[in-house]
Amino acid sequence: MKIILATSNRGKVREIADLFSEDEVTPYSELIGPMHIVENGSDFAANALIKARSVFSKLPKGGAVVLSDDSGISVPLLNHEPGIFSARYAGEGASDRENLEKLVENLKARGLQEAPAYYTAAIAVVSPEGEYVVHGWMHGRVIDTPRGEGGFGYDPIFIPEGYDQTLGELDPAIKRTISHRAKALELAKPIIGMLRSLHA
Ligand code: IMP
């Protein structure tokens, strides 16, 4: 089945395409060009739905199934920041590195070398048959010194529970089994399976 992703974040596209390898997974930007989607929802689920609905409304009616991910990292000791603002923590258009550096600065400003943290992912599926949202979480801690080149975003400062290495250092195959996105996508699988049978 064709699944259109309402994201062009290369890290997310890679992780989602890996998990749905039996489907044809295409980022929306290859079909309808760049769109400016205003993510003004008050939580991850609302923003995931905003993205998926925007892309769905631009596609030819009928067959399209759109999947979106809205995700981010939260640090309880920093009032759960950056949360839904993870992609623009250091300002609109900030790079992954700038956002990570702002989080490190804020940890240091509180005298913290590390702090508990968790990633959240909301996955929305919008199809002619209906809309669905599922969530996944990955708990761990953030540290004040980036380590490793793997993953994306905040991965070089995030150590998952039960590990000593950051997601920047760990094998991507491990992240694929324990991540917030993997867990949410696992829940999205039966939804996609049901839609696949309807669209076959
Ligand atoms: P979104 O694209 O608006 O959902 O923003 C997601 C932001 O959260 C990304 O830009 C990253 O900063 C962060 N993020 C989400 N998932 C991950 C992950 O798996 N690793 C690292 N950073 C992530």
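Mentor: We shall take the cores and then the strands of this predicted model.

Trainee: Which residues have the most contacts inside the largest nonpolar core?

Mentor: A core of this kind gathers buried nonpolar residues joined through side-chain atoms within 4.5 Å. Here the largest one has 21 residues, and those with the most contacts inside it are Ile73, Leu103, Val142, Tyr154, Ile157 and Phe158. At least two residues each come from strand 3 (65-75), helix 4 (96-109), strand 5 (114-127), strand 6 (130-143) and strand 7 (158-160). Helix 4 gives the most, with 4 residues.

Trainee: What does Ile73 touch, leaving aside residues up to four places away in sequence?

Mentor: The contacts of Ile73 include Leu103, Val142, Tyr154 and Phe158. Glu81, Pro82, Gly83 and Ser86 are also among them, as are Ala117, Tyr118 and Tyr119.

Trainee: How many bridges join strand 5 to strand 6, and in which sense do the two run?

Mentor: In a regular strand, side chains alternate between the two faces of the sheet. As for the pairing here, strand 5 and strand 6 run antiparallel and are joined by 14 bridges. A hairpin of 2 residues connects them, and Thr120 stands opposite Trp137 of strand 6.

Trainee: Which residue of strand 7 is the bridge partner of Gly140?

Mentor: That partner is Pro160. Strand 6 and strand 7 pair over 3 bridges, in the antiparallel sense.

How values were computed
Residues numbered from 1 in each chain as written. Predicted model: local features only at pLDDT ≥ 70, side-chain atom pairs only at ≥ 80, totals over all residues. Heavy atoms only, no water. Buried < 20%, exposed > 50% of the residue type's maximum accessible area, 1.4 Å probe, protein only. Contact = heavy atoms within 4.5 Å. Pairing = 2+ DSSP bridges.
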